[in-house]
Amino acid sequence: MKNSRAVYSLAMITILLLCTQVLLAQNASNSLLARGEKIESYVLCNGKKVKAIYKVRDRSNRKVMLGVNSYSTSAIDTTLKGKIEVPATIMAPNGLPYKVIAVSRRAFADCRHIVEVVLPDSIYDIGDQSFMNCRSLRSIVLPVGTRYLWPYAFRGCNNLRRIEVKASVPPDSYNDVFDDHTLRFATLVVPSAHAKSYRNAFVWNMFRYSISNWDLRR
């Protein structure tokens with residue numbers, strides 16, 4: 001009799017634990033933000049947190065993009081000056097972390113006073129017009145996971161003088177990502193082991209000055 005009661009008690013505990021896990025999973029799922037929902041968070045400007053707007057891109061995997069994918073709004077205050085750093089993850093109002101995987105359309109457009117932008121390695125998509133008319137922007141590093149650059153991403157960046165791309169495979173790019181001034185005067189820095197791929201890749205082979213990161217270490 002005692003053994004039967006012990007087995008019964010163990011079975012009940014197991015059922016309760018399973019039910020608890022199911023409820024927790026349901027609650028976690030219900031707490032996820034909807035695709036397209038906006039999140040007010042931050043970027044760093046000269047080391048200090050300032051307001052930035054993100055948008056949920058993938059609900060189930062908790063991924064967001066910097067910006068709201070609109071032609072009319074930027075992700076940050078366009079009067080900000082100096083160096084901007086984008087975090088790899090942000091905390092959403094539901095208390096969950098969301099990975100930043102893209103810079104959306106016009107996210108930095110018309111930010112005419114920023115001189116440098118640091119993107120996290122989680123970024124793989126640079127949206128159209130995302131840095132358009134950033135006239136003071138002097139340098140940018142495109143992370144190792146960068147896969148796509150969309151039209152006019154760096155149009156009007158007349159002072160852009162150094163573009164480093166860490167991706168081993170040249171990102172897919174449109175022919176109007178950079179203007180002629182940038183192609184003529186900016187230095188493109190690419191991974192030494194993949195320099196040949198960049199020399200043969202559309203858009204990247206248009207840069208007048210192209211060096212590998214190995215050249216910088218000599």
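**Close-up views of salt bridges and a buried serine**

**Figure 1. Arg57 and Asp125 form a salt bridge.** In this predicted model, the two side chains meet at 3.0 Å, N to O; a salt bridge is a side-chain nitrogen of Lys or Arg within 4 Å of a carboxyl oxygen of Asp or Glu. Arg57 belongs to strand E2 (residues 48–58) and Asp125 to strand E8, so the pair ties together parts 68 residues apart in sequence. Strands (E, at least two residues) are DSSP runs, numbered from the N terminus. Asp125 is buried at 7% relative accessibility, whereas Arg57 is partly exposed at 24%. Buried means under 20% relative accessible area, exposed over 50%, and partly exposed in between (1.4 Å probe, protein chains only).

**Figure 2. Asp128 forms a salt bridge with Arg105.** Their closest N and O atoms are 3.3 Å apart. Asp128 lies in the loop between E8 and strand E9 (139–142), and Arg105 in the loop between strand E6 (97–103) and E7. Asp128 is buried, with a relative accessible area of 17%; Arg105 is partly exposed, with 21%.

**Figure 3. Ser122 sits in the loop between strands E7 (114–118) and E8 (125–126).** Ser122 counts as buried at 19% relative accessibility. Its side chain reaches the backbone oxygen of Val100 at 2.6 Å. Beyond neighbours within four places in sequence, Ser122 is in contact (heavy atoms within 4.5 Å) with Ala88, Lys99, Val100 and Ile101.

**Notes.** Residues are numbered from 1 along each chain as its sequence is written, and side-chain values use heavy atoms, leaving out hydrogens and water. Local features need pLDDT of at least 70, side-chain atom pairs count only at pLDDT 80 or more, and totals for chains, interfaces and linings use all residues.

Technical notes. Helices (H or I, at least four residues) and strands (E, at least two) are DSSP runs, numbered from the N terminus. A polar contact is a pair of N or O atoms within 3.5 Å; within protein, one must be able to donate a hydrogen and the other to accept it, and residues adjacent in sequence count only if both atoms are side-chain atoms.
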